[in-house]
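Reader: I have a model open and would like to go through its packing. Could we begin with the overall picture?

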Amino acid sequence: MHRVSETGIDLHRILVEIDEEVRAKRASGELPAELERELDLVFARFAPAGAVEGDFEQLMARAEQQSFIDLLAPNESVRPGVPQVKRVVQKTIRWYVRYVVEQFSGFAHTITKAMRKLSSRVDAIDELRIGEEDLSALPVPARDVHWDSAVVDTFRSVEGRVLHGRCATGDLVDQLVSAGVDAYGVDPASALIATGTGGDAALDLRPDDERAHMRTLAAGALGGLVISGSVDVLPVGAQIDLVDLAAIAVAPGATIVVITANPGTQSPVITDLAPGKPLHMETWAYLLADRGFTVDRTERTQASSMIIARAPQRR
C-alpha cells in the first residue's frame with residue numbers, strides 16, 4: 001500500500017523515482033562506487049535508527065556497528081590548550097573506560113548474535129508457513145451433506161442465533177432458516193458472499209473469518225454453533241483456539257456441532273498445502289469435554305464425523 005502524506009504527496013512513488021535515478025547514474029558512471037560507499041558510511045554514522053525502520057537487516061547491521069565503542073574520543077578543539085587537557089583526561093580515565101566498554105561490548109555482541117539466531121529461526125518458520133491469502137484460496141473440502149438433516153433437527157427448536165462458520169454458499173444456513181431457525185453464516189473465502197450475489201438474498205451471510213467474528217461477540221451471544229471446513233485445514237493451535245472461542249461465544253446450555261473430515265480422506269492438494277490436518281472425532285470430543293461441554297452424540301461415516309455437544313448450564 002502506498003503511503004500518501006497529508007499534502008497528497010505519494011512518498012512511495014518519490015522513493016521509486018529516486019531509486020530509478022540512482023540506478024541510471026550508477027550505470028552511466030556518473031555515480032562512482034567510492035562515493036556511494038562514503039555516503040553509506042556517513043548515513044550509517046549519523047542517521048537515526050528510525051530512518052531504516054522496517055528493514056531488519058539494516059537495523060541489525062546498525063546494532064552490530066554500534067556495539068563497538070571507540071576508546072579514543074576526539075580531542076580536537078579550536079581553543080588554545082583544550083586539546084592538551086583532553087589528552088591528559090583521556091589518559092587518566094582510559095583504564096576505567098576500557099573496563100566498562102569491554103563489558104558493554106560483550107553484552108552487545110551476545111544480544112546481536114542472539115537476535116541473528118532468532119531471525120534465522122523465524123525465517124525458517126516463514127518458509128514453512130502458508131499465508132492466509134494462500135489458505136483462503138485452497139479448495140477447502142466440501143461439507144459432507146450427509147449430516148445436514150441431523151444438524152437441522154438439532155437446532156429446530158433452539159432459542160437465539162445459530163452461527164455456521166465457513167458456511168460456503170450458505171446451503172446449510174438456508175436449510176436452518178427454512179426450518180425456522182434464526183441462523184446466519186460467515187466465510188472469508190467465498191466470493192459469492194463477499195459480493196452479495198450468491199444464494200438467497202434474505203440469508204445473512206458475511207465475508208468474515210469465524211474466529212475473528214466470534215471475538216467480536218459478547219459472551220453467550222450465540223444460541224448454537226456449527227463449525228466445519230476450517231477445522232480441516234487450520235493449524236492445531238488455531239483449531240484449539242476455535243474451541244476456546246466457542247466456549248465463550250455460546251450461551252449456557254447451547255449446542256455446538258463440529259463436522260470434520262476424517263484424517264486421510266482429503267484431497268492430495270489440501271493434505272500437502274494446508275498448515276494443519278483434520279483432528280479425529282475422539283480428539284474433538286476430548287477438547288470439548290475439557291472445556292466443560294457435554295458430548296451428547298458422535299457419529300462417523302467413511303468420509304467425515306459429526307460431534308454434538310452442549311455447553312454447561314452454568315459457568
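Reader: Among contacts between residues at least 6 apart in sequence, what percentage join residues at least 24 apart?

Author: In the protein chain the value is 62%, where a contact means heavy atoms within 4.5 Å. Please note that this is a predicted model, in which local features need pLDDT of at least 70, side-chain atom pairs count only at pLDDT 80 or more, and totals for chains, interfaces and linings use all residues. Residues are numbered from 1 along each chain as its sequence is written, and side-chain values use heavy atoms, with hydrogens and water left out.

Reader: How many helices and strands are there?

Author: The protein chain has 12 helices and 7 strands. Both are DSSP runs numbered from the N terminus, helices being H or I with at least four residues and strands E with at least two.

Reader: And what share of the residues is buried?

Author: Of the 315 residues in the protein chain, 33% count as buried. Buried means under 20% relative accessible area, exposed means over 50%, and partly exposed lies in between, with a 1.4 Å probe and protein chains only.

Reader: Turning to helix 6, which of its residues are buried?

Author: Helix 6 covers residues 148-155, and its buried residues are Asp148, Ala150, Val151, Val152 and Phe155.

Reader: What do they pack against?

Author: Their partners are two kinds of element. The helical partner is helix 7 (171-178). The strands are strand 1 (161-165), strand 4 (222-227), strand 5 (250-261), strand 6 (294-300) and strand 7 (304-310).

Reader: At what angle do helix 6 and helix 7 pack?

Author: The angle is about 40 degrees, and the axes of helix 6 and helix 7 are 10 Å apart. Axes are lines fitted to C-alpha atoms, for helices over the stretch in contact, and angles run from 0 to 180 degrees between N-to-C directions. Helix 6 and helix 7 are therefore oblique to each other; under 35 degrees counts as roughly parallel, over 145 as roughly antiparallel, 65 to 115 as roughly perpendicular and the rest as oblique.

Reader: Which residues meet there?

Author: Asp148, Val151, Val152 and Phe155 of helix 6 meet Leu172, Gln175 and Leu176 of helix 7. By class, this contact has 5 nonpolar, 1 polar and 1 charged residues. Here Ala, Val, Leu, Ile, Met, Phe, Trp, Tyr, Cys and Pro count as nonpolar, Asp, Glu, Lys and Arg as charged, and the others, Gly among them, as polar.

Reader: How do helix 10 and helix 12 pack?

Author: Helix 10 (residues 236-249) and helix 12 (residues 281-290) pack at about 45 degrees, with their axes 10 Å apart. That makes helix 10 oblique to helix 12. In this contact, Gln239, Ile240 and Val243 of helix 10 meet Trp284, Leu287 and Leu288 of helix 12. The classes here are 5 nonpolar, 1 polar and no charged residues.

Reader: A change of topic: where is Arg166, and is it buried or exposed?

Author: Arg166 is in the loop between strand 1 and helix 7, and it is buried, with a relative accessible area of 13%. Its phi is near 55 degrees, a positive value in a residue other than glycine.

Reader: What about Ala168 in terms of phi?

Author: Ala168 has a positive phi of about 55 degrees although it is not a glycine. Ala168 is in the loop between strand 1 and helix 7 and is partly exposed, with a relative accessible area of 39%.
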